[in-house]
Structures are given as C-alpha cells and as structure tokens.
Amino acid sequence: MSHFERFIAEASSAAGQTDALLLALTVVSVLVVGGISLTIAVFAVRWHAGSKAPRGPVPDRSRVAEGLWIGIPLLVFLGIFIWAAVLFHQLRTPPPGALAIDVVAKQWMWKIQHPDGQREINELHIPVNRPIELVMTSQDVIHSFFVPAFRIKQDVLPGRYTTLSFTPIRTGRYQLFCAEFCGTNHSEMRGTVIVMSPSAFSDWLAANPGEGSLADQGAALFREYGCSGCHGASSTVHAPKLNGLYGHPVMLANGTQVTADARYIRDSILLPASQVAAGYTPIMPSFKGQVSEEDILKLVAYIRSLSVAENQP
Amino acid sequence: MTTIAAEGAPSYISAGYTLRSWLTTRDHKRIALLYGVSILFFFLVAAAAAAMIRLELLTPAGDLVDDDTYNKLFTVHGVVMVWFFLIPSIPSTFGNFLIPLMIGAKDVAFPRLNLASWYIYTLGGLFVVVTLIAGGVDTGWTFYTPYTTMFSNSHVILAVTGVFIVGFSSIFTGLNFIVTVHQMRAPGMTWFRLPLFVWAHYATSLVMVLATPVLAMTLALIAIERLLGVGIFDPALGGDPLLFQHLFWFYSHPAVYIMILPAMGVVSEVITCFSRKPVFGYQFMVYSLLAIAAVGFMVWGHHMFVSGQSMYAGMVFSLLSFLVAIPSAIKVFNWTATLYKGSVRFDAPMLYALGFIGLFMMGGITGIWLAALAADVHLTDTYFVVAHFHYIMVGGAVMAFFSALHFWWPKVTGRLYPDGWARAGAIVMFVGFNLTFFPQYIAGYLGMPRRYHVYPPEFQVLNVLSSGGAVVLGVGYLLPLLYLWWSLRRGRLAGANPWGATGLEWQTPSPPPTYNFASAPRVEGPPYAYQAGGTDGR
Amino acid sequence: MAAEGTSAMAASHFADAEQRETAATFGMWIFLATEVLFFGVLFAGYTVSRVQHAEAFILAGRHTDVLLGSINTAVLLTSSLTMALAVRAGSVGWRRSCAAWLVLTAVLGVAFLAIKGYEWHEDWLQGLVPGLRFAYSGPDAPGVELFFFLYFVMTGLHALHLTIGILVIAVMALLAARGRFSAAYHTPIVLTGLYWHFIDVVWIFLYPLFYLVSRS
C-alpha cells in the first residue's frame, strides 16, 4: 500500500493497513455520496415543475425499498466494522519481545527514558523493524501521543499508565504531536521520532550513556526510599517479597486476583491500602507526592528486572 | 417590525408594541422571536471568534493573537455555538413557533414555563458574556479534567455556570414540547398524522430531557472540584478523568442529535412541499427519528477510542455507532425517493434543503470513518474530526436553519423576500462551506491536530484555502441578513399560504393571530396530501 | 409546574380542565425523569469511586452516624405516609384535613433537615468535610475524602430538594386551608405529592450507600 506515500509516510507496520482501510472508506464514500447526489440531481431535473416527464401514481412507501435500505447499509457497515476492529485489536496487542520505553508527558514536553538509562526530551530514538512498546503517563493533564506517519495515537493520562505499541519499518525522522488539548503551549508540544538502522541505534545508545540502566537506578531508589527495609531479602518485616512478582498473578486480601503489572506496582506504591496482597496487613505508608513519575517508572523497571533474573536459569 | 392586519383577529405581532408586551408575553410565537434575536446575537459572537481563528491560521506562526488568546477563542467559539446557538437554534425558534400551529393548538402546554425558559437562557448567556468580559475561558468546550479543574487559569467557574443554567432552558423546552405533543393535539390529529417536523421535535425533546441533566450535574461537579480542590475527576485526588469523559459524552453525543433531528424535521417538510408529493415512507421516517434518538444514547464511547478506555468497550461502542448511522441513511434515501416523479421546484428553501442533504451525507459518511476503530486511531483529535462535525452541525443544522428561515419567513412576518437573492445566498453558502471545511478533511488525514495555535508549515496551503473559503461562507451568512431585513420593510405581502403547502400552519393568516386559529381546526386526513404535477397553489 | 397548574384556572389555551390536569401531571412525571438522571450522575460517580476505593469506602462508611441516619429514614418514610394522606384528603375534598396532613408532612421534613444538620455539624467537628475541614489521617485518606465528598454532595443536593419541597408544601397547606382546592380540582397537591415521594425514593437509595455500606 503505497498509494498514500506521496502525501504522508507509511513508516510503521500498521500504517499501510490503516491506509488500506481508509482507501476502502474513501471508495465507499465516493460511491455513496456521488451516487445519491447524482440520483437527486437526475430526479430533480427530470421531474422539475412543468417538465413533460411522465409521472403517474407512485406508492407512498415500499416494504422492499425499506428492507434494502436497512439491509445494504447494515452489511456494508458490518464489513467495515469487522475490518477496523480486527486492525484495532492488532494495534492494541503488543508484539512479543517489544522494546519497552517509558514516556512521561508534562506541560509541554515529552520526556523519554530508555531501558538502559538514556534520557531525551522531545526526541525518541528507536531502531527500525523492532517492535516498540511505550509505557506512558502524565505528570499533570491529559496529553496524547500522536505520530501521523505511524497512524497511531494514544492518550496519556495522569495517575495511570497507557501503552502504545508499534513497529517502525522505515528509517527517518517523523513528527510527534500532542493531540489532546493541554493548555497554553499545546500546539508546541511536539517532537521528533527518529527511526534508525539497528547499528546506528546501537551507536546512538553508546554515544549517549545514561546514569546506568533504569533497573539499576531503580535499585538505588529502592534503597533510598527505604523500600528495601521491608521488602529486602534480609528484612524481618512481614512484607511481600518482590522477586519473581512481576507479570504474575497476585491474590488480594479482598479475594480478587490481579496481575502484577506496571499499573499494579504503581498503585501499590502510591495507594498501598487499595490493593493489599492476601496474608499481609496494610502497614505500608503511601508514597503519594513523594516519588516523581520518572522515579516510579525506574522502580517498576527494577521490580521487573527481579522477575526477569528469576526466570533465567 | 411591520405588521399586516390579519382577517378578523389582530396578528400576534400587533397584539402589543411595547417592550413590556414582548418581555412578559406568553405567546409561543413571540417567545420564538425573542429566542430568534438572542441566538442571532450569540451566533455573531461565536462567528466573530471563528473569523479570528481562521485569520490566525493563515500562517503557521502565531502572529495575530498569542497562544492563550487563541485557546480562549476556540473555547468561546465552541461553547457559544454549541449551547447558545445550535442546541436552541431550530427547537426554540421554529419549534416553538410552529409546533402548536402544526398540531392545531392555541399554545404550548405551559406558556409561562416557555417564557421562563427564555429568561433562563438569557441568564446563562449573561454568564457567558461576563466570562468574556472578565477575560475568557481556555479549556475547550469539552472541559476535560484535570486541565479544567486544576490547571486552567481562566474563568472556568463562570463559564460552566452559564452552561449549567442554559441546560435548564433546554430541559424545560423539551418538557414543554413533549407534553404539548401528547396533550394539545387538535381533534383528528392522530400520532401518525403529525408532520415529521413535530415528530423530529418530539424525538429531540426526549433527548433534551434525558441527557441535559447529566451534563448539568457533571458541570456542577467540575465547579465544586475547582472551588474546593476535592472531587471525583482528578486522579491526583483519587478521582478518574475518564469518568468525566464518559459523563460528558453521555450528554454531548446525544446533543449532536438535539442539533440534527430538528434539522431533519425541517428538511422533510421542505422537500415534500417543493416536490409536491407526500414524503416517501412516512412511518419509516418516524421510526428512524425515534431510533436515532434511542440508539444515540448508547454510542458516546466512540469519542474515547484512544482515551484509555478498554479495547472491548471500544468495539461495542464502534458497533453501536455503525448501527445509529442506518436510520440516518434511511432518511437520506427517503428524501431522495420523495423527489421521484414529483414536481420539483427550486425555491430558496428547497435549495437550502438540498444543500443540507449533500453536506449531511458528507458529514455522516465521514462519521463512519470515525466509527471505524483503526481509522479513528489515526483521525481522532485531528482536523478530520473538525471537518466531520462542522459538516454535520454547520453544513447540516445551520443549512436546515436557513431552509426553515426561508420556508416559514412568510408565515412569521407575513412578508416575502426577493427570491433571486435568496437562491444566490443558498448557493454562496453551500460553496463557501465546502471551500472552508473540505480542506480540513485532508489536513486531518495528513495529521494536523486540532486546537493548534501554531502548526508545521506543510499544512499552510490547506489552511489558507480554508480561511479563504470562510470569507465566502461569511458572505453567505451576511446576505440573508440584508435581504431579510429589506423584506421586513419592503417585502410583498405573503398571504396565508405562499408555497401551497398542506400543514395546519398554512391554514391561518400570516402572521397568525394570538391564539393561532379563528376556530379550532379539525384534522381529517394524513399529512402531506400533495398532488404531484397538480396546481402549486401560487 | 405545580405553579403552572394552580393559576392555570384562567388559562384559555387548554380545551378543558381535564386536559389541563393531565398535562400538568404528565409534565411533572417528565420533570421527575430528568431529576432521576440529575441524581444519576452522582450515583454513577459513587459506583465508580467505590470500585476504585473499595477499602476506603468501607473505612469511611464507619464514620457516618447509622442511628441518626436510620431515624431520618423513618422520619422521611412517615412523611411520605402523611403526604399520601394529604393527597387522599384533597381528592375527596376534605379541606382542613388536607391542610393538616400537609402541615404535618412539612414538619416531618423540617425534622429531617434538623437531624441532617446536626449530623453535618458532627462531621464538621470531626473534620470530615472535604475541601473545607478535612482532618482524617487514617489509612487511604484520599479514598475516604472522596466518600465524604460524595456524601456531602449527594445528601446536600437531597436536602436542597427537600427544602424546596417543604416550601411548596407550606404554600399548598395555606392554599388548602383557604379553600382553593376541591374534589374536582386538586392537581397541585397531587403534583406536590409526586415530588415529595420522589425525594423519599432518592433517600432510600442514599441511606444504604452511606450508612449501611460497611455495616454488613
């Protein structure tokens, strides 16, 4: 699908599929609007007042017409619905082995944290042909991460994580927009996504060393905030151990079960009383207002790394 | 306003000339005119804001106004256009004027409540004017939290108070219409003899009555949250910003049907009159109107496909949105079929109505694009959406408003307007509208986000086209103001039924007397008893 | 709309008195439908907040006064009975009896407000008023604050409706005592009754949500 390329790049694996859907919608629209307009024009001209065209009696209603007018649009619409829903499902299903990158939005900039600790503002460097999963949150109001060349968009909310996954298929520089109105400089909350060849990307990573990987920074914060006092391996306090926690189901005190994902860990840090693991007392203090969104993401990365290490023999 | 002595009873206009007689009137026709003047004022306010926006967007840089001012301009444009023009536009003016006439009643069921509605509207409007004088509001008409409750530094509370108040005007108008249609019909005016205009307003009123309180309460919660710093929408306070979006769109999507259903009613009357044929599939049209109103309540989540709402919720809302498009499509098909073997005349109201069908189709079909999940991911929050809803609300609702204005002007004022000018106005408006908004579809597909004060230079060509079109559109709106003003003073007398139309409203003098009919009408047959090819009554 | 009914005696836009009465009653029902949606937003907000802060809502629910809440429920239900009796008396044309039942209903309404006011005062002293005086420092304070926010907004809105209801009833009692109603014409009393019962029904939902939620 390169019909649209001349207008706007198709730089992600989803872009071509979205464009195919849009092309089909264009065809349907032209047929419908054009067809009906033409019909109206023909009727109106042929039977304009005073014309000699035959008139004769016409029925005031027709059950056949009514059936067709419900049936035909219904079939066309159902077809489009299913097509679009399947694509949407693909968009929302992160491919395995995706490279997880953290995005923190604030008025009016995009802050990016790479797993190896590289940080950038309003720029996102990613390797081509590798699935990417952005884990996004906002420090203040709602923003929206929009890259037209990828045909993707996801709102970024304060107080929770949203994710956006895609696979860039073409190297180059692509515009990043904030698409949800966020205040004074909303229209200047823009950035650039730079898709690089894998080798250029490793060069870039090497040339921009961060302050250690996110997991390492998270480990330092884990001690700094005193988390290790209770959750550490040698702690005597009755607190849940975090090794092997990430990605696994957790039984809660109220009998429900949740998966320990980024959101669960974030909530447990900020609102510890809301999801207490079964068998523990709610003694953990809330860290609300004390940990920045970036630091929480680092703690999540650390806890995640505990689980990854566990899984490796 | 000049009046003509009606046969026998004095017309509603000559019933009193003092300001007091207008401000204390209970006559639905006079209240309709009070609304007419008020919504014209707010239309001009919002149009001025739109003009500033289009001027600013001529260049990619922010050179006319600064960013905060720009944000306030599009907010006031949206707030005023939606709540102070579009929602009351057809119902409060033509609905108010015509429903009692069309069903053969002397007035609406609760005339004093009707007048109170106008005062409530005016009070709400006053709050908006005060907001503007105080320095404006910059949240966008959607008032998304937590921006609105915590981060905006503008006059949010004043603005939401204004909208809160005007909501009650809408609720009481809807209530009045529902009771009127149920209880006040003339003998013989059965449900399936009601003109489609009345049916459309009945469906609209149901939406007004059931959706507006949700908006009112939601805005009240916004104001409290902003005032006290505690509430259920701000995540920093333990609240949920998506809850706000759900509640807001639970009202604001049906609100689109508050705008478009009355327009459909107008167009049904005009098409059948100027085709001189009964409307095709009358009952089918009625059921379509009711289906739109009912299903319209279940599709609000399609505004939130990328908001963080769950994927499966998105799928359900998407499917329902496709379903609500079907009754709209049916209406277009039926209007087209009404022309078939008719005796079609191209008077100004008909040109506006045909323009409505074209633009409404464009707006409707692009609604299908936005209901399609994967397409919406790319298109939402871009200029594609802006173009889409302007095709529905301005291309649709406003074209229909002008169609109604030209169709019933002789009934309201007793005077005719110069037909040539009126036809020219319809064409200029149609062309100007397309020039303004079609480029925005393309800009949106190319990725230009909405509510952008400055934008990347590659979008400039499309924006210049759009701004140029807006000048033509502006001329299209000014023309009717001029020749209709002329018509008030110099226009020929219209007589009771200048179009040879069939509705009850045409069986009484123009302008009608205070209690509408000299003697209570009795209805003997179905509506739209036109004879194709027969005499056109002129 | 009640007012619309009372002085519509001379309105000539209705065909007859029966049309006028049905129109007024029907209008009242539609008004109540809008009221349901008006309160509905708050019930939706309560539901969502409760799902998100389940534990906090249980904690917070222990701080409401279940005894006073239950007494108030009894008071309000009794007032519904007296209102029904007033409507009944009105419909058979017993003027003074109707006025007396109306007065009793209004008195019960005032009693409800007094008890409610005392409860709010206690909450104020305990520092449970979000935004103005919130001193709760136990676990999960944000959730508890949300609970009390909803508690004050919902009971406050209910009390506002009740106050309006009491004023309308007072006017009706006065009119009834002056003989403005008869067996043939007593629609305003019927409408007032509808409104009053609606307020009661709202309370019947509020009572378990705020007083019984953590006392199962």
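The structure is a predicted model. In chain B the mean pLDDT is 93, with 97% of the residues at 70 or more.

The interface between chains A and B brings 68 residues of chain B into contact with 67 residues of chain A. On the chain B side, at least two residues each are supplied by helix 3 (67-103), helix 5 (147-151), helix 9 (282-295), helix 10 (311-339), helix 11 (348-371) and helix 12 (373-379). Helix 10 of chain B provides the largest share of this side, 15 residues. Classified by residue type, the side of chain B that touches chain A comprises 45 nonpolar, 16 polar and seven charged residues.

Within chain C, helix 4 (residues 66-91) and helix 7 (residues 187-212) have axes that come within 10 Å and cross at roughly 165°. The angle is over 145 degrees, and the two helices of chain C are therefore roughly antiparallel to each other. Helix 4 of chain C passes helix 7 of chain C in a left-handed crossing. Residues of helix 4 of chain C that take part in the contact include Gly69(C), Thr73(C), Leu77(C), Ser80(C) and Val87(C); among their counterparts in helix 7 of chain C are Gly193(C), Trp196(C), His197(C), Asp200(C) and Tyr207(C). The contact of these two helices of chain C contains 13 nonpolar, six polar and one charged residues.

How values were computed: Residues are numbered from 1 along each chain as its sequence is written. Chains are lettered from A and ligands numbered from 1 in the order in which they are written. This is a predicted model: local features need pLDDT of at least 70, side-chain atom pairs count only at pLDDT 80 or more; totals for chains, interfaces and linings use all residues. Axes are lines fitted to C-alpha atoms, for helices over the stretch in contact, and angles run from 0 to 180 degrees between N-to-C directions. Helices (H or I, at least four residues) and strands (E, at least two) are DSSP runs, numbered from the N terminus. Angles under 35 degrees count as roughly parallel, over 145 as roughly antiparallel, 65 to 115 as roughly perpendicular and the rest as oblique. A crossing is left-handed if the near helix is turned anticlockwise from the far one by less than a right angle, and right-handed if clockwise. Two residues are in contact if their C-beta atoms, placed from the backbone, lie within 7 Å. Ala, Val, Leu, Ile, Met, Phe, Trp, Tyr, Cys and Pro count as nonpolar, Asp, Glu, Lys and Arg as charged, and the others, Gly among them, as polar. pLDDT is the predictor's confidence in each residue, from 0 to 100.
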